[in-house]
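Subject: Structure handover

Hello,

Here is the structure you asked about. My notes follow below it.

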Amino acid sequence: MEKLERIHPNRQVLAFILIVFFSQVRSEPIRYSVPEETESGSFVAHLTKDLGLQTGELAARSARVVSDDDKQPLQLDRQTGDLLLKEKLDREELCGPTEPCVLHFQVLLEMPVQFFQGELSIQDINDHSPVFPDEEVLLKIPENSQPGTLFPLVLAQDLDVGSNGLQKYTISPNSHFHILTRNHSEGKKYPDLVQDKALDREEQPEFSLTLMALDGGSPPRSGTVMVQILIMDVNDNAPEFVHTPYEVQVLENSPIDSPVLRVTARDVDAGNFGSVSYGLFQASDEIKQTFSINAVTGEIRLKKKLDFEKIKSYHVEIEATDGGGLSGKGTVVIEVVDVNDNAPELSISSLTSSIPENAPETVVSIFRIRDKDSGDNGKMICSIPDNLPFILKPIFKNFYTLVTERPLDRESRAEYNITITVTDLGSPRLKTEHSITVLVSDVNDNAPAFTQTSYTLLVPENSSPALHIGSVSATDRDSGTNAQVTYSLLPHQDPHLPLASLVSINTDNGHLFALRSLDYEALQAFEFRVGATDRGSPALSSEALVRVVVVDDNDNSPFVLYPLQNGSGPCTELVPRAAEAGYLVTKVVAVDGDSGQNAWLSFQLLKATEPGLFSVWAHNGEVRTARPLSERDAAKHRLVVLVKDNGEPPLSATVTLHVLLVDGFSQPYLPLPEAAPDQAQADSLTVYLVIALASVSSLFLFSVLLFVAVRLCRRDRAASGGRCSVPEGHFPGHLVDVSGTGTLSQSYQYEVCLTGDSGTGEFKFLKPIFPNLLVQDTGEDVKENSKHRNSFVFS
């Protein structure tokens, strides 16, 4: 929106710089001429040839024709390079009486910016006839006027110029007068009536003559007026103006009916012949419409507003006439003084509304400024705000370019509203503002950026397939397709991790899904990288690290490692009856495949043959005697121990222990089945125990003898410097430590042996292994009719 006010511009570029001729501006204008009234669309010239350009260059460089006037009389066909008339031209309307009638225009080319000056001369044709202001003119001539006297007549006007303009006057044939055509200094032709012979009012008191004005056209045009001549009595003094010419200056903004000047004429005659009246003489229509004169006072006043930009001065012919018909002529020169009543004008010739970011210096707009005032009122200053990355450059006359000062960044600012301010130097100053909106188009110069450099996702194990486990997100500062992000899984470097079968990603929103149920016990955590790629050209991308941690679920029950619960019979523990309270019977060892609190195990005595005799420590699974044993306690005990984890819900396992109370570790022992033995089985066990005691005694005796023999042999060998060879035999391969935790006063080692045949286990009575002495048992095996049992044998 344009508005007028006083301003103090931010950045000033003097618009009144003298004509700046760059290398892009052609020094000599190209000149063309065309007759007026030529039809619209008529051919004027072939610009491509006249400007020395290549075919198609006008279209490629966005050529256009710019006129100095508000109207555009010419148009350019860019494809053919022809300069054509846009409308029918009337020379009299465009230039009036000015000759020659020349219209100035410029040819503007872009890429690069280049100007060509042009002139179009409008040739006059004889399309107007001379016209008199009145149909009849009254002329009073005293009868004593002498032959040769000149009487000015009314002036005819012809809008044509040159040879088509007014050339001469003629008058109808008569015996007393003829016409003299007189040239004025302004180029006008005035008719003077010349008296040829003396007049006699009494003989002929009046004449009716026809005055004809002829122009020089072919054929000539003419106009006529009737001249009535009255022969008056003698009045020998004509009025005379006090000053001639009168000169006066009038401001162009003077109101209507304001006084301009008072003129005065004097007549030395007396009476009616000395009274003077004033009037305009041979005034044009423009003067009659602009000024009026009081016939009595001689005061000249304005009838309409003045416009300095249209007419800068007026030459007004005035006439003073006395009562006798004599008149005197005078001239008033009225100069119109310019005032600052026209705001500067700005017209856009070229505008680029969208500019790609990161582009070097780019022409946004080409525009022209103009002020119709003159002097300081017509001098202009052009500016734009300082805080914008744009500058103004003058290129030719009052033409400017608005260009970018540096590459633009759309992400910093996507739109600029630029206000071009043009201010004149008049008083008061007037200004015009024109706003231009420039959009910065996006270039794919920003890669997508993840909100985090790494993501950690917690996934519960045993979750259902296609579970949404989390999301990654990336943003792109660009816009449009340059900001549309697609997600993908990047190739994994570990060939042993089947990433494609574990997770998938939604390419549009970055949601991650587990493709199958995850097992914490098989895979606790894994890492992979995801990529985010925009859809620009070329596409830009970034990547982030995703770590998936499998959260353990309580899906594994405790597993008992000892005593082993396989298909064979239960394990039997021996406890001497002399054991005190707190005696370690055994220790239940169990593990849990889960982790964390799901793997925290606690032990509990679930069932016992005799409650209160044994206890289980909750945290380590040790089975100990709760009180001292007595002879009244049963020999065989069955314990059920519950092993429970700390999961939610908790899972558990049970283990069965058989405890046998014995009087000493040399007492033979045969483990019994879980079922309660009947009386027959008890008798059989007694027999076996008797046999076992006899065997142990025999073995002990044999061992003592063997020991004595070895000692004697070693002494003999030592004395003779030789060695005693011990017969090879079966030495124990597995030794069991029995510490003094219980009632034993020292530590012993015993061999645990299994026979190789199927169906039964065997006991061997072993001797304690003392330091520096290993004795092999040569006793007989005692077989037990139990099913697949491991057995412990003590000597």
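Strands (E, at least two residues) and helices (H or I, at least four) are DSSP runs, numbered from the N terminus. On that basis Y562 sits in strand β42. The model is predicted: local features need pLDDT of at least 70, side-chain atom pairs count only at pLDDT 80 or more, and totals for chains, interfaces and linings use all residues. Residues are numbered from 1 along each chain as its sequence is written, and side-chain values use heavy atoms, with hydrogens and water left out.

Y562 is partly exposed, at 33% relative accessible area (buried is under 20%, exposed over 50%, partly exposed in between; 1.4 Å probe, protein chains only). Two elements give two or more residues to the patch: β42 (559–562) and β45 (589–591). The largest share, three residues, is from β42.

Second largest pocket

This pocket holds about 890 Å³ of space. It has 36 lining residues; L139, E319, G325, S327 and K329 are the closest to its centre. Elements giving two or more residues are β9 (136–142), β10 (150–152), β20 (276–280), β23 (313–322) and β24 (327–337). β9 gives the most, with six. A pocket is an open set of points on a 1 Å grid over the protein atoms alone, where a 1.4 Å probe fits, with protein on both sides within 12 Å along at least five of seven lines; lining residues have an atom within 4 Å of a point. The volume is the space filled by probe spheres set on the points, which are joined across faces, edges and corners.

Backbone

Most residues other than glycine have a negative phi, and most peptide bonds are trans. A cis bond joins T244 and P245, with omega about 0 degrees. P245 is in the loop between β16 (240–241) and β17 (246–251). N358 has a positive phi, near 70 degrees. N358 is partly exposed, at 40%.

Regards
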